[in-house]
Amino acid sequence: MGCRTWVGAGLLLAAVAAANGQYPGQSVIDKSSERVVFFTGNVMLDDGSPPAETVRIERVCDGHATFEAWTDEKGHFGFKVLPTGSDVSTGDASAQGDGPTELNKAMNSSSTQYSMPITTALRNCELRAVLAGYRSEGVSMSLKSTMDDARVGTIVLHALSRASSLTVSATTLQAPPNARKAYQKGLEAMRLEKWEPASAEFGKAVKIYPKFAIAWYQLGLARQSRNDAAGAVAAWKEAQQSDPRYIKPYENLTVAADHRGDWAESEKYSHLWIQLDPEDFPGAYLLNAVANARLNKPEEAERAAREGLRLDKDQKIPRISYVLGLILMDKKEYAESARCFRKYLDLAPNAGDAAIVRQQVPKLEELAGAPKL
């Protein structure tokens, strides 16, 4: 979209002259020949579909990111750039940061390179979309003048893993506007740690649209923050039932069941979690192994623990080694059990139970060396 306002060559010269102090008697003169640029575009996933959630649009200039706008329910966005910063026309204007220093510098400089401050400041800038679990392509914001077309086209988001596509719910696209509005209000209350208002807004959203899976999920988080564990679990179950392919509730339901010692429930939801995405969540296998061990299913427990170790390539979950060590110790496979415990101590030397494990390792190694009867 081109600029809505423009000035002639005479005013351009007058503005530059005033900036250089050539008209000391003149009162108020705009120092910029450029007033405003309107940028518009849309965000799309690499499969051609719009994102199921609102996406944050940022301007990145020389490595510095500045908020510009939020997308609407169809993935569209728009905002205008002024010589003193940005003004959001689609999205949450209250969330934007200060205007780039380059634009402010341009308004106060006597250098002729700043007679076109907006286009000069945007020369090394690009737009990107920000959504958890996705990588954004960049779109250049460079313009020769404010008369250029500022429709930036489509910013494409690429899932970082299969799990990324499961962290958003398809039901969000079907939510009516009033339900989405209540959901956004709930998110804002959550950011301010106002759990009661957040719960009320999310509750309003799911009342309007009972299949609003992500609103149910957030309602669970708000209730959890109010120490309402039972209410949180109930909300996460609604989220899971509303959209069985939305992966976030499975983790919360599994962890909640593990914490209260409901091993059958923990096994159930960790198993569903693994079925939905068997390659990206080693933590799901850890919890499944613990649940199966508690349910006296040692073969299933060992299988889950070993698979978790395979997936935990960066060794970020030392507890898997510990659990496998316990399982193997019960099976009297003392040598491998001792190796698992030593690996656990290497990865988590300051763990709360590290002292007890250290005492156990020599005993296991002694048993491993003892002749079998």
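Two residues are in contact when heavy atoms of one lie within 4.5 Å of heavy atoms of the other.

**Figure 1. The whole chain in a predicted model.** The structure shown is a predicted model. Among contacts between residues at least 6 apart in sequence, 57% join residues at least 24 apart. The protein has 15 helices and nine strands. Of its 373 residues, 45% count as buried. The accessible surface of the protein comes to about 19,100 Å², and 51% of that surface belongs to carbon and sulfur atoms.

**Figure 2. Strand β1 and its two partners, β4 and β9.** Strand β1 covers residues 37-45, and seven of these nine residues are buried, so the strand is largely enclosed by the rest of the structure. Six bridges join β1 to strand β4 (residues 76-82), and this pair runs antiparallel. Six bridges also join β1 to strand β9 (residues 151-159), but here the strands run parallel. G41 of this view has a bridge partner in each neighbour: F77 in β4 and G153 in β9. T40 stands opposite R151 in β9. Strands of a sheet pair through backbone hydrogen bonds, either parallel or antiparallel.

**Figure 3. Strand β7 beside strand β9.** Strand β7 (residues 134-136) pairs with β9 in the antiparallel sense, over three bridges. One of the places to look is R135, whose bridge partner in β9 is H158. β9 is also the strand that runs parallel to β1.

**Figure 4. An open sheet of four strands.** The order of the strands is β3-β2-β6-β8, and their pairing is antiparallel. The edge strands are β3 (64-70) and β8 (139-140), each of which pairs on one side only. Strands β2 (residues 56-61) and β6 (residues 125-130) pair with each other over six bridges. Within this pair, R59 has L127 of β6 as its bridge partner. In a regular strand the side chains alternate between the two faces of the sheet.

**Figure 5. The largest nonpolar core and a separate one.** The largest nonpolar core has 62 residues. Which residues have the most contacts inside it? They are Y183, F202, F212, W236, V323 and V357. Helix α7 gives the most to this core, with eight residues. Apart from it lies another core, of 23 residues, including F39, C61, C125 and V152. In soluble globular proteins, nonpolar side chains tend to be buried together.

**Figure 6. A179 and F212, in contact with each other.** A179 lies in helix α5 (residues 177-191). Its relative accessible area is 0%, under the 20% limit, so A179 counts as buried. Leaving aside neighbours within four places in sequence, A179 is in contact with A205, I208, Y209 and F212. A179 and A205 are 26 residues apart in sequence, while their C-alpha atoms are 4.3 Å apart in space. F212 touches A179 and A205 as well; T171, T172, A175, R180, Y183 and V206 complete its list, not counting residues up to four places away in sequence.

**Figure 7. Helix α8 and what covers it.** Helix α8 has 14 residues, 229-242. At 1.5 Å a residue it should span 20 Å, and its end C-alpha atoms are 20 Å apart, which agrees. The buried residues of α8 are G231, A232, V233, A235, W236, A239, Q240 and S242. What covers them includes α7 (213-225), α9 (248-259) and α10 (263-276). W236 is also among the residues with the most contacts inside the largest nonpolar core.

**Figure 8. D243, in the loop between α8 and α9.** Is D243 buried or exposed? Its relative accessibility is 11%, and the limit for buried is under 20%, so D243 counts as buried. Leaving aside neighbours within four places in sequence, D243 is in contact with S169, A170, T171 and A213. D243 and A213 are 30 residues apart along the chain, and their C-alpha atoms are separated by 6.0 Å.

**Figure 9. D277, in the loop between α10 and α11.** Helix α11 covers residues 282-294. D277 is buried, with a relative accessible area of 2%. A polar atom of the D277 side chain lies 3.2 Å from the backbone nitrogen of E279.

Methods
Residues numbered from 1 in each chain as written. Predicted model: local features only at pLDDT ≥ 70, side-chain atom pairs only at ≥ 80, totals over all residues. Heavy atoms only, no water. Helix = DSSP H or I, 4+ residues; strand = E, 2+ residues; numbered from the N terminus. Expected span 1.5 Å × (residues − 1). Buried < 20%, exposed > 50% of the residue type's maximum accessible area, 1.4 Å probe, protein only. Core = buried A, V, L, I, M, F, W, Y, C linked by side-chain atoms within 4.5 Å. Pairing = 2+ DSSP bridges. Areas by Shrake-Rupley, 256 points an atom, 1.4 Å probe, with all protein chains shown as cover. Polar contact = N/O pair within 3.5 Å; in protein donor to acceptor, adjacent residues only side chain to side chain.
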